[in-house]
Amino acid sequence: MAGLTEVRVPASSANLGPGFDTLGLALAIHLTCRFRQAPATRVRASGRDVEAIPLNGDNLILRTACRVARTQGLGLPPVELRIDNEIPVGKGLGSSAAALVAGVVLADRVLGLGWDEHRLLDEAARIEGHPDNVSAAVLGSVTAAAIGGDGVTRAVRLELPGAFSVAVVCPDFELPTPSMRAALPSAYSREDAVFNIQRATLLVAALLKGDRDAFPVAFEDRLHQPYRAARVPGLAAILNLRVPGLLGCALSGAGPAILVLYETGREEAVDAVASEFERAGCSTETMYAHLDRKGLVIRDGARNR
């Protein structure tokens, strides 16, 4: 594939408990795409959950690229697109956000828009409708993000202390994000809003300082997880789990995967989370994904592999 561009986008875990639609974390599980202009559009996919990846015009990467092209008053020329996916689909690990980011990059490169990293992030956030997953996917590490009154996304990257590690426990079922969003109320009490503001700011401060004493209070939430717990067997028990080495657990995005923050070297804390799922009748896959500190990686002129 001459004139090849390679894009690597990490998976992401959003919300991080109290940080609903604002906090995100990048995981070292990747969507890699290689593309170039071609006489006719062709999509090939390999890797994980390929049966869930359309190879036609319904492909989310292509749809996103076409949408970006339309907003610029342009048409997307035919492309050859190869997809290599490691991200579980339908588990709340940002598979759609990764595809959105890849699609925005595809449009940028093929159309010669010349967008920088922050413009790519902003466009992906506009399409996604909330900035947490795409900010982590583009910037890497841990991010706090908000969409301003002008519609532009502002995002700040934080570094996770080396004393903290992350893992993901995935149960053996999927949850559609629209139905999980529909489970949420249309309004919240002031008490619940204050509760989450306190914990979200505490969580950011604890991550910046590496303060173990702030956990597990910093992971508490009243805005989304209590309303989704009935759809995720074992979630209530997992959120209340207290074992040595465990800093906190959170439903990853809309779930059903669980993000586990634990003290580095204390993997038995992650095993305890998987055990709670098993007690609820769910088999699981544990992914010691580690934090992705690079975020979006683009290689223009990459060689065919």
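Buried means under 20% relative accessible area, exposed means over 50%, and partly exposed lies in between (1.4 Å probe, protein chains only). The model is predicted, so local features need pLDDT of at least 70 and side-chain atom pairs count only at pLDDT 80 or more, while totals for chains, interfaces and linings use all residues. Residues are numbered from 1 along each chain as its sequence is written, and side-chain values use heavy atoms, with hydrogens and water left out.

**Exercise 1. Decide whether N59 is buried or exposed, and find its contacts.**

Step 1. N59 is in the loop between strand 3 (42-47) and helix 1. Helices (H or I, at least four residues) and strands (E, at least two) are DSSP runs, numbered from the N terminus.

Step 2. The relative accessible area of N59 is 2%, so N59 is buried.

Step 3. A polar atom of the N59 side chain lies 3.0 Å from the backbone nitrogen of I61. A polar contact is a pair of N or O atoms within 3.5 Å; within protein, one must be able to donate a hydrogen and the other to accept it, and residues adjacent in sequence count only if both atoms are side-chain atoms.

Step 4. Contact means heavy atoms within 4.5 Å. Leaving aside neighbours within four places in sequence, N59 is in contact with V43, I53, P54, L81 and I83.

**Exercise 2. Describe the setting of T64 in helix 1.**

Step 1. T64 belongs to helix 1, residues 60-71.

Step 2. With a relative accessible area of 3%, T64 is buried.

Step 3. The T64 side chain reaches the backbone oxygen of L60 at 2.7 Å.

Step 4. Not counting residues up to four places away in sequence, T64 touches L100, G103, V104 and I127.

**Exercise 3. Work out how the axes of helix 1 and helix 2 cross.**

Step 1. Two packed helices are described by the angle between their axes and the distance between the axes.

Step 2. The axes of helix 1 and helix 2 (residues 95-111) come within 7 Å and cross at roughly 50°. Axes are lines fitted to C-alpha atoms, for helices over the stretch in contact, and angles run from 0 to 180 degrees between N-to-C directions.

Step 3. Helix 1 is therefore oblique to helix 2. Angles under 35 degrees count as roughly parallel, over 145 as roughly antiparallel, 65 to 115 as roughly perpendicular and the rest as oblique.

Step 4. Residues of helix 1 that meet helix 2 include L60, T64 and V68.
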